[in-house]
Amino acid sequence: MTMVGINESVKRREDPRLISGQGKYVDDIRLPGMLHLSLVRSPHAHARIKRVDVSRASKMDGVVAIFTGADLQEQLGSLPAGWVLPDLKQPKHPPLAVDKVRYVGDAVAAVVASAPYLAADAARAVKVTYESLPAIVDAEKATKRGAPILHEGNADAGGAPNNVAFDWEVNGGDYAAAAKKADVVVRERIVNQRLIPNAMEPRGVVADYEPASGQLTMWTSTQIPHLLRLLFALVTGHPEHKLRVIAPDVGGGFGSKLYIYAEEVITGIVAKQLGRPVKWIEGRQENYLATTHGRDHITDVEICGNKDGTITGISCEVNANLGAYLSTFAPLIPTILFGIMLVGVYKLENVKCKVRGAFTNTTPVDAYRGAGRPEATYLVERMVDRFADAVGRDPVAVRRKNMIPAFKRGKAVATGVKYDSGDYKKALDKALEMLDYPKFKVEQRAARKEGKLLGIGFSTYIEICGMAPSAVASSLGAGAGLWESSLVRIHPTGKATVYTGTSPHGQGHYTSMSQIVSSQLGIPMEDVEVVHGDTAAQQFGTGTFGSRSVVVGGSALYMSLQKVVAKARKLAAHQMGVPEKQVQFANGRFVVEDVPDKSMSFPDIALQCYLAKDLPKGMEPGLEAVSFFDPENFTWPFGCHVAVVEIDEETGDTKLVRYVGVDDVGKVINPMIVDGMVHGGVAQGVGQALVEQAVYSNDGQLLSGSMMDYAVPTAEMFPNFETARTETPSPTNPLGVKGAGETGTIAASPAVINAVVDALSHLGVTHIDMPATSEKVWRLIQGAKEERRKARQGSRNGRKR
Amino acid sequence: MVTAQFEYLAPATVAEAARLLSRYKGEAKIVAGGQSLIPLMKLRLAEPKYLIDVSNIKELSGIKEERGGLAIGAATTYDAIGASAVVRKYFPLLAEAAGQVADLQVRNKGTIGGSLAHADPAGDFPAVILALGAELEASSSRATRKISIERFNVDLLTTSLRPSEVLKTVRIPFLAARTGTAYYKFENKASHYAVVGVAAIVTVNASGVCTAARVAVTGAGPKAVRAKRTERILVGKALTASQISTAAKRAGAEIGDFNGDIHASPEYRAHLTVVAAERAITRALGRAK
């Protein structure tokens with residue numbers, strides 16, 4: 001029996017089950033009479049559908065039904081954007097394409113058969129005649145005149161003229177004036193490449209419809225069962241109260257499972273049509289095409305300031321690639337979650353940011369771990385280094401000089417938001433101390449003398465978590481409130497079942513939430529059951545994304561626990577015959593003040609609540625509480641990450657040799673879980689910096705279409721991560737937590753790229769786009785050498801003349 | 001991704017496998033570890049009607065010391081090769097390369113014969129076995145023949161193995177005294193195949209003069225090839241760093257058209273060929289004691 005508190009590194013309770021193969025994922029669900037669905041997907045990036053011929057396929061072994069987009073047009077509806085910016089163009093997004101396909105992987109027909117392989121074979125036999133159209137994959141070129149148009153017609157007719165989905169901007173201060181006054185303005189064009197999320201478990205859906213009751217049950221690999229239920233009801237007209245969505249064990253998401261997907265709608269509706277359970281399981285290569293991608297920005301950025309190292313402004317113009325259709329949160333990611341972060345941790349008063357969202361013939365782009373904040377942090381931290389270089393100062397000194405001083409409650413910044421609490425220099429100092437920066441500088445000078453390329457890069461990042469204050473979110477375009485809920489149900493034996501609306505997919509909620517319960521009720525963790533991911537079990541909920549689960553969901557749980565304790569205390573006082581204020585609750589016992597032997601345990605009281613033979617007047621039997629928590633503000637985790645790289649000059653190969661990460665995520669529930677999330681996040685951030693990239697050919701074929709061509713970072717790429725924390729509690733929630741799921745990913749990419757550039761800076765290199773592949777680095781080194789050779793030649797020639 | 005339908009056959013002997021192969025001429029493929037063929041089948045780039053699994057044929061796996069060298073069964077896994085004491089003793093090059101193939105799961109399943117017969121242009125073993133000057137033995141239902149590795153790699157994914165033949169044994173002759181070996185691979189970060197890999201075998205005499213050299217390159221072009229010009233420059237010299245460098249500069253001379261893809265341009269592969277050759281030769285020389 002373990003009595004655990006907050007800030008204790010207990011091992012994850014869910015792991016013995018998950019790592020011994022006893023988890024239950026969507027593909028583990030087998031229902032009697034279940035059919036299997038396979039999708040016919042477009043091999044063209046852009047084409048008109050002339051004819052879909054199912055005659056041969058429908059005669060094949062085991063085939064039960066085949067549906068085309070035209071067959072189910074009405075039932076399937078159109079997938080909506082869940083976040084609506086002003087003047088957002090919202091073209092129709094039919095789950096099965098009807099007239100036109102707009103990316104490789106767009107679903108055209110659904111084949112249902114008695115076995116998965118038979119369905120796949122028949123799907124290949126469906127003959128679709130296409131009229132191929134010119135395609136566009138680049139977000140900047142897509143909005144230029146003459147580019148092929150994805151969604152024809154004017155906006156009123158559901159079109160997106162010039163492929164523009166939105167133009168969005170945020171401004172603070174007066175950037176133009178600041179740039180005019182500044183000693184130095186540095187410009188750069190920075191590409192933040194497209195990434196593939198690569199959750200370990202691809203998506204999957206099982207849908208089961210009971211015609212007699214009208215009840216539809218859907219198991220799906222999702223981060224948002226409740227939002228999905230709402231969206232499914234809105235899209236298909238199926239009554240929300242007759243739909244149960246269950247997220248069983250979910251093997252990772254990184255944001256890619258927080259939308260309503262075509263396959264969820266198709267599988268649900270097909271199950272309804274056929275009156276039999278239907279399963280669809282995504283393959284890995286299908287996942288690369290059909291599950292959302294992340295990032296993909298082309299940005300012109302400027303930073304300005306003075307020779308003394310003061311930064312006065314930042315400005316950027318972004319072309320954000322949204323892919324072929326608007327995914328659920330696509331409009332949010334490159335705008336609000338990006339633009340408002342451009343101040344970083346700095347006293348930067350002038351900000352100008354324009355974002356143009358463009359449709360292209362590529363897989364839709366939406367949130368991927370960090371979602372907008374990595375793109376912003378990368379720009380800010382990269383440009384701070386560029387600025388430091390331009391004014392000839394140390395990047396650490398420039399950061400320190402411009403940092404916002406420590407504050408405990410609320411700091412308004414130029415983008416119009418208010419940071420919750422922060423002590424940025426403390427995190428920086430801690431990282432420097434772990435690193436021994438002066439010693440590194442000496443080593444670097446020595447290494448350069450030997451011709452070795454050694455570089456260091458800093459990232460003093462900040463991010464936004466704890467989505468979100470509903471009123472703020474809704475004023476910015478959210479189509480749903482972003483509160484979180486909890487239900488705490490105490491059993492007569494004093495055990496607890498708690499229900500959370502968050503929906504974990506690897507974060508360890510079963511453990512963290514148990515710790516919160518154990519710490520508040522004084523009962524062992526083993527006596528706590530945490531139930532999540534089932535709309536029939538939980539009151540309501542929003543889901544897990546944006547590092548919100550403990551911040552918003554944990555706080556909702558904390559509130560319910562306080563309500564339960566308050567009622568239990570009242571009953572304890574009544575039964576012990578003392579005034580309530582004399583009863584203290586500690587370590588699971590209600591004790592009368594100054595009379596230590598007069599006490600009742602929490603389970604004693606729980607039993608009394610249900611026996612109900614001696615309740616105070618007016619008290620209802622039972623012991624349970626429901627809470628909905630809606631935070632007053634977002635939370636703003638921050639920290640300082642440092643990367644040290646060594647570059648092989650002959651090949652350009654970059655090796656990460658040291659990594660120091662100091663994070664401030666406020667109070668911590670389970671330090672070991674936070675460490676684990678930081679490690680995984682750093683691995684993904686380094687992956688983006690060095691190896692990962694989704695590559696499309698100009699005609700819209702995904703060239704990095706499998707793990708043979710898309711590099712997922714592996715352990716051999718990494719040194720031991722040296723991590724530590726500072727702790728600045730958030731004043732926005734009762735637990736003082738800030739969220740820890742994404743810090744590593746956000747912090748790591750700029751730290752690594754800054755290190756690569758630092759290693760090459762003496763050669764005159766000032767920027768490299770991600771990923772810093774060996775060939776790219778090699779070419780930069782070759783180019784720099786060539787420049788130097790020419791310069792030497794030039795000066796010799798000059799002397800001759 | 002699922003394969004097209006096929007019939008699975010699991011013969012117990014090579015003779016039976018060869019019979020099946022000739023019976024289903026053109027419609028059957030041999031599979032052992034399945035690490036190359038099955039992915040192609042999932043992509044439906046290969047749709048054999050019959051799959052003849054040789055991984056249970058006892059005579060096809062195992063490592064035997066024979067007169068003059070080692071005989072390695074074609075269905076011997078990378079892992080078994082890397083862990084073999086006799087391989088480590090006589091052919092550290094094989095163990096070094098086996099440990100660099102893909103990842104643990106692939107090494108547990110993938111086989112030496114599969115790698116050679118598949119002839120992936122970026123495979124590690126085609127270069128290593130070529131450098132080692134192996135002789136291969138293949139059987140059809142009618143005959144058994146020996147094929148020199150020099151005549152085995154024909155082109156991209158193409159070998160001189162006949163459609164009716166089962167690759168049986170890879171025979172590797174012992175190395176001369178004072179021979180050092182090394183495999184240097186610049187790997188594709190996604191697939192862990194070689195962007196460029198170079199296997200080098202250098203023999204020196206008592207006074208340190210290079211008496212023989214075999215250098216083979218993979219990943220750079222359509223098939224693994226010997227870098228004969230590099231070898232010629234090396235032989236007859238007491239090698240210095242600058243001589244190795246000069247020799248390595250010719251390592252791409254036999255490649256012809258360098259491969260280019262999203263991972264490396266032809267120009268970069270040509271450069272890496274030189275770097276990998278220099279590093280492999282330097283290491284091999286250092287080990288030639």
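A polar contact is a pair of N or O atoms within 3.5 Å; within protein, one must be able to donate a hydrogen and the other to accept it, and residues adjacent in sequence count only if both atoms are side-chain atoms. This is a predicted model, in which local features need pLDDT of at least 70 and side-chain atom pairs count only at pLDDT 80 or more, while totals for chains, interfaces and linings use all residues. Residues are numbered from 1 along each chain as its sequence is written, chains are lettered from A in the order in which they are written, and side-chain values use heavy atoms, with hydrogens and water left out.

**View 1. Polar contacts and salt bridges between chain B and chain A.** Between chain B and chain A, 13 residue pairs are in polar contact, both residues being at pLDDT 80 or more. Five salt bridges (a side-chain nitrogen of Lys or Arg within 4 Å of a carboxyl oxygen of Asp or Glu) cross this interface, and one of them joins the side chains of A:D648 and B:R279 at 2.7 Å, N to O.

**View 2. The area buried between chain B and chain A.** About 2,200 Å² is buried (accessible area, 1.4 Å probe, lost on being put together and summed over both parts), and carbon and sulfur atoms give 53% of this area. B:K189, B:I262 and B:Y268 supply 26% of what chain B buries against chain A, more than any other three residues.

**View 3. Residues in contact.** With contact taken as heavy atoms within 4.5 Å, 27 residues of chain B meet 26 residues of chain A.

Technical notes: Buried area = accessible area lost by both parts, 1.4 Å probe.
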